[in-house]
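Please look over the sequence and the structure before reading on.

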Amino acid sequence: MALLKRRKHDRTEQDSEYFQCYSDITVHEEMLSDTVRTNAYKTAIFRSQGALLGKKVLDVGAGTGILSMFCAQAGASKVYAVEASTVSELACNIIKHNGMEGNIEVISSPVENAEIPGEVDAIVSEWMGYGLMYESMLSSVLYARDKWLKPGGLIFPNHADLFIAPISDTVVEERLNFWSGVQDMYGVDMSCVETVARKCIMSKDIAVCPIYPENVLSHPVKFSTLNLATITLEDINDIRGSFKFCCFGSSLMHGFSVWFSVNFPGDDGVTLSTSPYGQDTQWKQTVLYLEEEVHVEQDTEICGDIRMSPSENNPRHLCVSITYSIDGGAQTTRNFQMGH
């Protein structure tokens, strides 16, 4: 019997699925419930009132229109709220309900197909995804920048930094130890399942979960900075960096955690961070698990390289490759993915 090849989605179908997801009101409920995220944008926009007063703004991926309304409240004379999903209809109602339809024009379209008259003075967008780049809209922001942003125009946010650190995951350890404890609970020995459980739990899928300060085994390293004024599509399709850690003390290491922060323009610019040392956000942290946990000691040195790129099958999905060595030992490479 011949095996049927799995049909590959074309870009049009991929985009349709992506935008359909953002039509779900619960997605926007989650985003608006993230007060750290939303207040960072509000504060940054209002601190730039002088630069936005009487100006034109483009909101890429406007969603419910909250950022567009912040810009209008800050004095922007015209805001083009571009939203491809059907939530654009809801945005129209919210904007009208707030009496801002004279300042904000909702454009129901992907930004790549939008028609916007002339240049804009600023672009605002909440484009970040898990691990910064999963299902991110950064490519759309760069398209809008190159097509409509005036020279020297503002981008909110205008920089992004990526960080990595080795971690211990006590939840994973408890789950792995669970199978050895089944005999005490029920009189049946299931310790043989631990090997299978380890492969499932510590898999090559990028995990999204909260990491706490006590889980972090060394000072984090910033491995990449994205300047939205100059970065290109080629740059964001191949993000690379290196790291070198010196561990704090004796612990089991289960993997690496990656997080990001974004910075907004202004002399007293606002930073929105997804660090485990900060307030919780919808992005949590992303985790790259080792094949097996390893024991590290005080001053154990971990060196390596990391690369982030879109999936060949779907540019909105994320692939991460990490190569590392511990105390100068043999190099190990792990390849991860988010989205299938």
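This is a predicted model: local features need pLDDT of at least 70, side-chain atom pairs count only at pLDDT 80 or more; totals for chains, interfaces and linings use all residues.

In which loop is the place of V188? V188 sits in the loop between α8 (170-186) and α9 (194-201).

## The parallel sheet

Five strands make up an open sheet with parallel pairing, and their order is β3-β2-β1-β4-β5. The edges are taken by β3 (104-108) and β5 (149-156); each has a single partner strand, so one side of each has no neighbour in the sheet. On average, neighbouring strands of this sheet are turned by 20° against each other, with direction ignored.

Within the sheet, β1 (residues 56-60) and β4 (residues 120-124) run parallel and are joined by three bridges. V57 stands opposite A122 of β4. Helix α5 (residues 66-73) lies across β1, β2 (78-83), β3 and β4. The angle between α5 and β2 is about 175°.

P157 is in the loop between β5 and β6 (159-167).

## Salt bridges

How many salt bridges does the structure hold? There are nine salt bridges, among them the pair of E126 and R37, whose side chains meet at 2.7 Å, N to O. E126 is in the loop between β4 and α7 (138-148), whereas R37 is in helix α3 (residues 35-47), so this pair ties together parts that are 89 residues apart in sequence. Are the two partners buried or exposed? E126 counts as buried because its relative accessibility is 10%. R37 is buried as well, with a relative accessible area of 6%.

Another salt bridge is formed by the side chains of E293 and R198, at 2.8 Å, N to O. E293 belongs to strand β12 (residues 285-296) and R198 to helix α9, so parts 95 residues apart in sequence are tied together. R198 has 13% relative accessibility and therefore counts as buried. R198 and E293 are also linked with E194 in a network of salt bridges.

The side chains of E301 and K244 form a salt bridge at 3.7 Å, N to O. Here E301 of strand β13 (residues 301-310) is linked to K244 of strand β9 (residues 239-246), 57 residues apart. E301 counts as partly exposed, with a relative accessibility of 33%. K244 counts as exposed because its relative accessibility is 55%, and the cut-off for that class is over 50%.

## The loop between β4 and α7

Besides E126, the loop between β4 and α7 holds S136 and L132. S136 is buried, with a relative accessible area of 9%. Which residues does S136 contact, leaving aside its neighbours within four places in sequence? They are W127, G129 and R316.

L132 has phi near 75°, a positive value in a residue other than glycine. L132 is buried, and its relative accessible area is 0%.

## A hairpin and positive phi values

Strands β14 (residues 318-326) and β15 (residues 332-338) run antiparallel and are joined by seven bridges. T323 has T333 of β15 as its bridge partner. Five residues lie between the strands of this hairpin, where D327 takes a positive phi near 50°.

K284 is not a glycine either, and its phi is positive at about 50°. Where is K284 placed? K284 is in the loop between β11 (271-273) and β12. With 34% relative accessibility, K284 counts as partly exposed.

Note on methods: Residues are numbered from 1 along each chain as its sequence is written. Side-chain values use heavy atoms; hydrogens and water are left out. Helices (H or I, at least four residues) and strands (E, at least two) are DSSP runs, numbered from the N terminus. Two strands pair if DSSP finds at least two bridges between them. Axes are lines fitted to C-alpha atoms, for helices over the stretch in contact, and angles run from 0 to 180 degrees between N-to-C directions. Contact means heavy atoms within 4.5 Å. A salt bridge is a side-chain nitrogen of Lys or Arg within 4 Å of a carboxyl oxygen of Asp or Glu. Buried means under 20% relative accessible area, exposed over 50%, partly exposed in between (1.4 Å probe, protein chains only).
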